[in-house]
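Subject: Structure for you to look at

Hi,

Here is the structure I promised. Please open it and keep it in view while you read.

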Amino acid sequence: MPPPRPTNKGKTPPPEETFEEAAYLKALAEKQKIVSIKLHGGEVVRGWIEYYDRNMLRLTREGAPNLFIYKSEILYIAEGEITAPRARRQRSAKEAQVEQEPVAPLTPESSGTK
């Protein structure tokens, strides 16, 4: 009989809030680091964080109006520019055709041996 498995009763689950958000936003604001912010609607805005509080942040942009953005509308913040994922290489028509051609079974008659 195998030994009983230890239980994780003493282990607590990770916290939902690490309280590091304010420190991260403060560092971005002090350095005036360019960030890309993706919103829940799919729009991406770029600029630097000039001000933040518990509910919102102010994004300063060059050549465009500054924005006050509610944190609840932010999907994520990325330093620098968000790049689109690379598109998968499309197979050529010839590659697709070769893949679809049926292969005849190997029989003694087709191999030329008797």
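This is a predicted model: local features need pLDDT of at least 70, side-chain atom pairs count only at pLDDT 80 or more; totals for chains, interfaces and linings use all residues.

**The overall layout**

The chain has 114 residues, and 17% of them are buried. It holds three helices and five strands. Along the sequence they follow the pattern α-β-β-β-β-β-α-α. The chain exposes about 10300 Å². Carbon and sulfur atoms supply 54% of that area. Now take the contacts between residues at least 6 apart in sequence: 41% of them join residues at least 24 apart.

**The sheet**

In what order do the five strands stand in the sheet? The order is E4-E3-E2-E1-E5. The sheet is open, and its pairing is antiparallel. Strand E4 (67–70) and strand E5 (74–79) stand at the edges. Each has a single partner strand, so one side of each has no neighbour in the sheet. Neighbouring strands are turned against each other by 45 degrees on average, ignoring direction.

Look at E1 and E5 next. They pair in the antiparallel sense over five bridges. Leucine 39 stands opposite isoleucine 74 in E5.

As background, strands of a sheet pair through backbone hydrogen bonds, either parallel or antiparallel.

**Helix H1**

H1 lies across E1, E2, E3 and E5. It runs at about 100 degrees to E2. Which residues of H1 are buried? They are Leu25, Leu28 and Ala29. These cover an arc of only 100 degrees around the axis, which puts them on the same side of H1. The buried residues of H1 pack against E1, E2, E3 and E5. On the other side of H1, Glu30 and Lys31 are exposed. Just after H1, glutamine 32 takes a positive phi of about 50 degrees.

**The core**

The largest nonpolar core has twelve residues. Among them are the three buried residues of H1, Leu25, Leu28 and Ala29. Leu39 and Ile74 belong to the core too. Helix H1 (21–31), strand E1 (34–39), strand E2 (44–52) and strand E3 (56–60) each supply at least two core residues.

Leaving aside its neighbours within four places in sequence, leucine 25 is in contact with Ile49, Tyr52, Leu57, Lys71 and Ile77. Ile49 and Leu57 are also members of the core.

In soluble globular proteins, nonpolar side chains tend to be buried together.

Best wishes

How values were computed
Residues are numbered from 1 along each chain as its sequence is written. Side-chain values use heavy atoms; hydrogens and water are left out. A nonpolar core is a set of buried Ala, Val, Leu, Ile, Met, Phe, Trp, Tyr and Cys residues joined through side-chain atoms within 4.5 Å. Buried means under 20% relative accessible area, exposed over 50%, partly exposed in between (1.4 Å probe, protein chains only). Helices (H or I, at least four residues) and strands (E, at least two) are DSSP runs, numbered from the N terminus. Contact means heavy atoms within 4.5 Å. Accessible areas come from the Shrake-Rupley method with a 1.4 Å probe; for residues, only the protein chains shown count as cover. Two strands pair if DSSP finds at least two bridges between them. Axes are lines fitted to C-alpha atoms, for helices over the stretch in contact, and angles run from 0 to 180 degrees between N-to-C directions. The arc is that of the directions from the helix axis to the C-beta atoms.
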